[in-house]
Number of protein chains: 2
Amino acid sequence: MQTNPSKTKTKGQKVVYLFGDGKADGNATMKGVLGGKGANLAEMSSLGIPVPPGFTISTEVCSEFYENNQKLPESVREHTLKALAEVEKIMDKKFGNAVNPLLVSVRSGARASMPGMMDTILNLGLNEQTVVGLEKVSRNPRFAWDSYRRFIQMYSNVVMGMNGSLLEVALEDLKDEKGYKNDTEFTDEDLQKLVQEFKKQVLNSTGKKFPEDPFEQLWGAISAVFLSWNTPRAKTYRQLNDIPEAWGTAVNVQSMVFGNMGDDSATGVAFTRNPSTGENKFYGEFLVNAQGEDVVAGIRTPQEIVNLEKVMPVSFKQLMEIQKKLEEHYKDMQDIEFTIEKGRLWMLQTRTGKRTAKAALRIACEMLDKKAIGVEEALLRIPPATLDQLLHPTLDPKANKKLLCKGLPASPGAASGAIVFTSEEAEEYKKNATKCILVRIETSPEDIHGMVAAEGILTTRGGMTSHAAVVARGMGKSCVAGCGDIDVDYNKDQMTVNGRVFKKGDVVTLDGGTGEVFEGTVQTLDASLDENFKRIMKLADERRHLGVRTNADTPADAKKAREYGAEGIGLCRTEHMFFDPDRIDVVRRMIMSESSTERKTALKELLPMQRKDFYEIFKAMKGYPVTIRLLDPPLHEFVPHSEVEIQALADRIHMEPDKVRTRVRNLAESNPMLGHRGCRLAITFPEIYEMQSRAIAEAAAQLVAEGDTLVPEIMIPLVATQKELAVLRKLTEDTVRQVQKEKNVKFDYLVGTMIELPRAAVTADEIAHEADFFSFGTNDLTQTTIGISRDDAGRFLGAYVNHGIFEKDPFVSIDQGGVGKLVKLGVELGRKTNQKLKVGICGEHGGDPASIEFFHSAGLDYVSCSPYRVPIARLAAAQAAIKGKQGVRH
Amino acid sequence: MQTNPSKTKTKGQKVVYLFGDGKADGNATMKGVLGGKGANLAEMSSLGIPVPPGFTISTEVCSEFYENNQKLPESVREHTLKALAEVEKIMDKKFGNAVNPLLVSVRSGARASMPGMMDTILNLGLNEQTVVGLEKVSRNPRFAWDSYRRFIQMYSNVVMGMNGSLLEVALEDLKDEKGYKNDTEFTDEDLQKLVQEFKKQVLNSTGKKFPEDPFEQLWGAISAVFLSWNTPRAKTYRQLNDIPEAWGTAVNVQSMVFGNMGDDSATGVAFTRNPSTGENKFYGEFLVNAQGEDVVAGIRTPQEIVNLEKVMPVSFKQLMEIQKKLEEHYKDMQDIEFTIEKGRLWMLQTRTGKRTAKAALRIACEMLDKKAIGVEEALLRIPPATLDQLLHPTLDPKANKKLLCKGLPASPGAASGAIVFTSEEAEEYKKNATKCILVRIETSPEDIHGMVAAEGILTTRGGMTSHAAVVARGMGKSCVAGCGDIDVDYNKDQMTVNGRVFKKGDVVTLDGGTGEVFEGTVQTLDASLDENFKRIMKLADERRHLGVRTNADTPADAKKAREYGAEGIGLCRTEHMFFDPDRIDVVRRMIMSESSTERKTALKELLPMQRKDFYEIFKAMKGYPVTIRLLDPPLHEFVPHSEVEIQALADRIHMEPDKVRTRVRNLAESNPMLGHRGCRLAITFPEIYEMQSRAIAEAAAQLVAEGDTLVPEIMIPLVATQKELAVLRKLTEDTVRQVQKEKNVKFDYLVGTMIELPRAAVTADEIAHEADFFSFGTNDLTQTTIGISRDDAGRFLGAYVNHGIFEKDPFVSIDQGGVGKLVKLGVELGRKTNQKLKVGICGEHGGDPASIEFFHSAGLDYVSCSPYRVPIARLAAAQAAIKGKQGVRH
């Protein structure tokens, strides 16, 4: 939730920044204004690296564009024309000139890299006149007309909104007609014909003539870049990657250089290190006689970068020097794009390279060793959420495996699931809680929602830098790319692998680390965490102030969390134990009781079971604090609801079915979230918490008798008033004291509460009189503060995010401006009464990096999250502490 | 919700206060320490009014008693014995002495009068020896033994916890055996026998001997008074009357005087003015040869006080002087108890008399005229909630009426309902929303819950000061008492009136103002408000700062509220209009729509209907502001849920039943209170608010065209964030602007929001940027802040009030310490952004006097409540302003 961006009027301000010819108006620090791409082009140009000259229209124009009814302001047009004239001077060409035409590319460039999200136009400036000029200047008619037909394809799709497949069909038709297998077989005559055919189709389909005026083309392309900032797919990417809507995009207009001018031309993308493993080895791909889009789109499968040395040794040497210079300059792994035009190397882009978590850790450690960066910088380099990747299982090497085929190891991790062939199907399967693998010939930005839904992605075309590979790595999903042995038939919903047919729903397993695809489900092993991980975690632990506990309800979870570095349990939910099949009927008998005596009889049966639960959890967490929350959910959640189940239960617990039915009906509530639950259960049925307190105390007594030391923390949920907690604290203390007397052992223990209602937060000073600790239950606190039921929010939360009312789902990342205010107030008031009050948080937000940063600044003592999020929380807590020290604003 | 009382240790402090013989340790200002009764006994004694000597054990001992494990501290016993010795000196009698025994009464006396709530013991000190002494001193054996048997009855019931009816049966048995009709026919021998029989029964029933030691009797009785402070019925009374638990009760021990020593003795209760009408005329009842309890319990029907002049002229004259002196001294109507023992008048009690609202207004006005009190005092004298009584309908004099019988006009107001014979049945009927009349031979404190549930109360015995009459007046319920023509048969669940049988469920109508009982339902007329009411309201209006608006959804409600002085509408709920049978199917078609277009078609049909609604309401409120809340409830509330209704609806709106069924199912929510409702509806379906805004604007335009002026206030509900309001404010403004253009008229209007979510309150500074006004929706704000669903709270709210966790139901009186904090914060933050922000409240709390006092102190501009609560709010607002000026703490 954020307020409107401050509306900057750019009039009179610098909005167009030139670069090229070893100079630049901007530099790498100006990403906010120039976008990542523009800032780096300027920086590279200043560094003397060969960059095709051009200019960047600043991000500020993006907001102005939207405020100006999605039209380019006149002043921006003027500045653009001036800059274009400068570029013409450098290149000694004229935009729109029929003799020596300047062609440009128009690309987006946001502050944060958004691969594949924004639309790009190449070869802009071509028309029936200039194409003839290009033909002559390049002495390559085929190249000229191929450029023109590519330009029409891109422009008609991106700017004019035409369905791209229409022209694709025309192209394929001509190929069929001529009996060609590849596009490269087209002659210049074919291409001229195609251009005319394309223009006809454009007119038919859009009702508009394809623009011949290069300036009209330019304004159209620039506007299209700004418009693409707000396409649904761009919005989806921003949401997934926490990019504020207000940032906007810049537009880069740059002289074209061509990798498709013949066999002395090439284009490629590369990383200064291996982005999957982090290995310090130049890594990338190129295509001879191709434009950049051919590499990224994965239409032709490119060669490995090392091969460039053989093909174009001079350019390769120059490229190696440049990539080294760039990494040393930026002190981080770079992701670069280059084009070789008739033997001359041009750098088109450099940016910080996306990498797997494994690679991020290795690169950080190696740069730390080289003293290129310090510890804090190393820690800040690793996005905490990506650590999740390392904790995913890998294939068990001993498992039975039937290898089907092998593709490129595009994104690590093992994944099994039913194969599906469309993103819509992937979402369907996800909804039905069935794991699936999305199989596509290649993916496009339209597939992002399917990739989010799938366990893993398998493509038959494209390389390590294809859309599928880049996006999957960003998501931490397993991906095998370019698996050419697979033939996908979308119409039949099936794929053929070496003659064998696999239908939709058949299960396969991917190993994204090796590129292997297996038949059926393959056994997996827990992730083993390498030395880089351990080193970074240790460094993080040394720097963080927040403690990190875990939410665990079983000894197994507790053990797992300890392995990941949890320093105790922040939330042990006792109700999960109630659902155990062995005891659920006893629980139900307790619920069906009509008197306190009956209830106590059932509770007596539950007592030894709960005692054992607690004993084992205390044991697993030996030496670390364990916070046990007493029963919280409404009793209705424990009883059966269908007629058949009610009959069966009545039989089993020897009750009249009518009585069971009535009781079940009476337990139903209009708003169970705000109903008879939490400590309200114990105000009406004190014997429930009495039993649970006794089970905790008896388990503790047993451990103390065995020589262990421990300080159990008993947590009362859903407290709204001081008096509630006073009544239940007394009940708890009386019970524990009684047990200590019976068992003749002493141990310390704490009694505290969850702060999960707004009333508790605003009266925390009163409640703190009765509490040894607070734990913010931010799930419920979010529900009550914003007045949104998590179960029902689906119906409108989408519209809310689309309207920008919520920047992020407030159940995923804490609503700092609202719920966060109450958290801060609760901490402040609580500590006013009790300076030593321990304060933690145990909602889902405890594992969310942005929320953790907030909790650090709010002065909490610890966060508690699920076992698999513990490493993330440790790193996020360290980053929060470092940023806090550095004075970064929250 | 309050914290524990501060624990005062009384050791070394004065805890026993003497009075009598024209002197006293205490006075009338010491009600906190001595209780009302004790303070007034002391005051009367100091005034030289004849009061039987005695002493008061202070209220501070009450808490000490509970802290001391419900035992009397030793120091208190010592002080009591010293005081008793003083009383012995004054009376020249000895407590426990067999020759000239001192007998005492032991009574409770809390700070606020609690009639019938606390237990009383008379004739304490009697045993087998002292009864003989009494026999001789009084020369009346019958009186002595009658006193003894009464003492045993009371003591065994109140102190020893024995079921009172057991002794009653023994007494009735003896009456039958002897063939007596009245208790007065018992001889002294009969009574001696009865005493022995009683003692045997006490031993049988309780397992304990009836105590012979007068001191044991005394300590037992004092403890019983303290214990009775915490009986369920005392708690119920405190809850109904807002009496804090911490106050405690004092104990009054006083020499006995006897109104039952023969025909020169009498006892009575009286008011210095008529408590029903307020007429300045001495008013009361007495019984010759009776104890006070006989009058209060209503077992014998007493004579009117004027008759006393004939029977005992000297005592009457003295009584007239005393009552005049008392009223002049206290400057308020007094409720007095007296006893005449062998021709000598003793005053037993004086206290401020309970009165009807009508009487309260008349008394306040008349005392104001006499300059006995000032305007502010006059306003403070009237409990605002009682004004409700005046607004209740009376019987239409022209209506067809079949008079059944006539009793005493015990509490004004007309009431119709089905007759029921137990309080449990009354509650049952209330639950089923069926109006009922509780018919009892006589009522007791055990019947309070039934009296709360019933529309009116009808008793066959007892007078104007009987339990039924006093309690009904306090509650503002219609009551006809002492209706001797009715014979109630509890066993057959029926009553016979002059030979005609009426079964449970038959309908009767009461006129509490005349004492008449009618057959069936009788037409009623709206209350006509007298000059005193108008005068007090005018004085209140001159003093209050808070505006008073009304919650009204129809022109009729609006008109009614205007009559009661509402200064506008604070909440007009548009959804109520949607339920109109003529339009509900259109609403449902709108809800069932699958596209925005379909929805718009249905909304277009609703537009003229809503426009008419608004036009008429604006018209009714001409010249006053009208706040219209746009659609708020979840759509699920408008659709049918049973299979039959779904089928029928599908038919009517020409839809597939399956589609209707699916849509209905999809609309269901887990927690509708926190679901898709309020402004969330308009974020997803903007066309709904668009239609409503249009209807408002078109109605306003029509009125403006007709020459009226108005400023409609459009209110957006359930706003949580600034952006939500910004989006919807824009939608509203665009629509209104469009209408103004179409109709070519201009008018001002406001757009504001409800503050009903904690997030809205804590971000009120942000929200105020988009709001012209705030209206606190304290119903929903209470639900979300405390996390309690009003619909589900029934299951535990009782336990909460019993535990003292909530002093009052937070949905009735605002939770000042929690919800109130958010209200104050919201006002403060909102005004920080917009100093001119209008701030009101439109929850149920807008009609609750305690809440109104709080809203005054929070600086709100107005409260809005239901039409019938408007006068209450006006008076409460004036009292708040006066108390605020006087520096009374809130």
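The side chains of Asp765(A) and Lys821(B) meet in a salt bridge, with 4.0 Å from N to O. The structure is a predicted model.

**Extent of the interface**

- The size of an interface is often given as the accessible area lost when the parts come together.
- Chain B and chain A bury about 4500 Å² between them, and 57% of this area lies on carbon and sulfur atoms.
- Three residues, Leu674(B), Arg759(B) and Arg795(B), supply 15% of the area that chain B buries against chain A, which is more than any other three residues.

**Polar and charged links across the interface**

- The count of salt bridges between chain B and chain A is 4.
- Across the interface of the two chains, 22 residue pairs are in polar contact, both residues being at pLDDT 80 or more.

**The barrel of chain B**

- Strands of a sheet pair through backbone hydrogen bonds, either parallel or antiparallel.
- In chain B, 8 strands form a closed barrel in the order 27-28-29-30-31-32-33-34, and their pairing is parallel.
- Neighbouring strands of this sheet are turned by 25° against each other on average, direction ignored.
- Strand 33 (residues 838-841) and strand 34 (residues 862-865) of chain B run parallel and are joined by 2 bridges.
- Gly840(B) has Tyr862(B), in strand 34 of chain B, as its bridge partner.

**The open sheet of chain B**

- An open sheet of chain B consists of 5 strands in the order 11-10-9-12-13, with antiparallel pairing.
- Its edge strands are strand 11 (303-304) and strand 13 (344-352) of chain B, each of which pairs on one side only.
- Within this sheet, 6 bridges connect strand 9 (residues 266-271) to strand 10 (residues 283-288) of chain B, and the two run antiparallel.
- The bridge partner of Ala270(B) in strand 10 of chain B is Gly284(B).
- Helix 12 (residues 313-330) of chain B packs on the sheet and touches strand 12 (334-341) and strand 13 of chain B. The direction of helix 12 makes about 25° with that of strand 13 of chain B.

Conventions
Residues numbered from 1 in each chain as written. Chains lettered and ligands numbered in written order. Predicted model: local features only at pLDDT ≥ 70, side-chain atom pairs only at ≥ 80, totals over all residues. Heavy atoms only, no water. Buried area = accessible area lost by both parts, 1.4 Å probe. Polar contact = N/O pair within 3.5 Å; in protein donor to acceptor, adjacent residues only side chain to side chain. Pairing = 2+ DSSP bridges. Helix = DSSP H or I, 4+ residues; strand = E, 2+ residues; numbered from the N terminus. Axes fitted to C-alpha atoms, helices over the stretch in contact; angles between N-to-C directions. Contact = heavy atoms within 4.5 Å.
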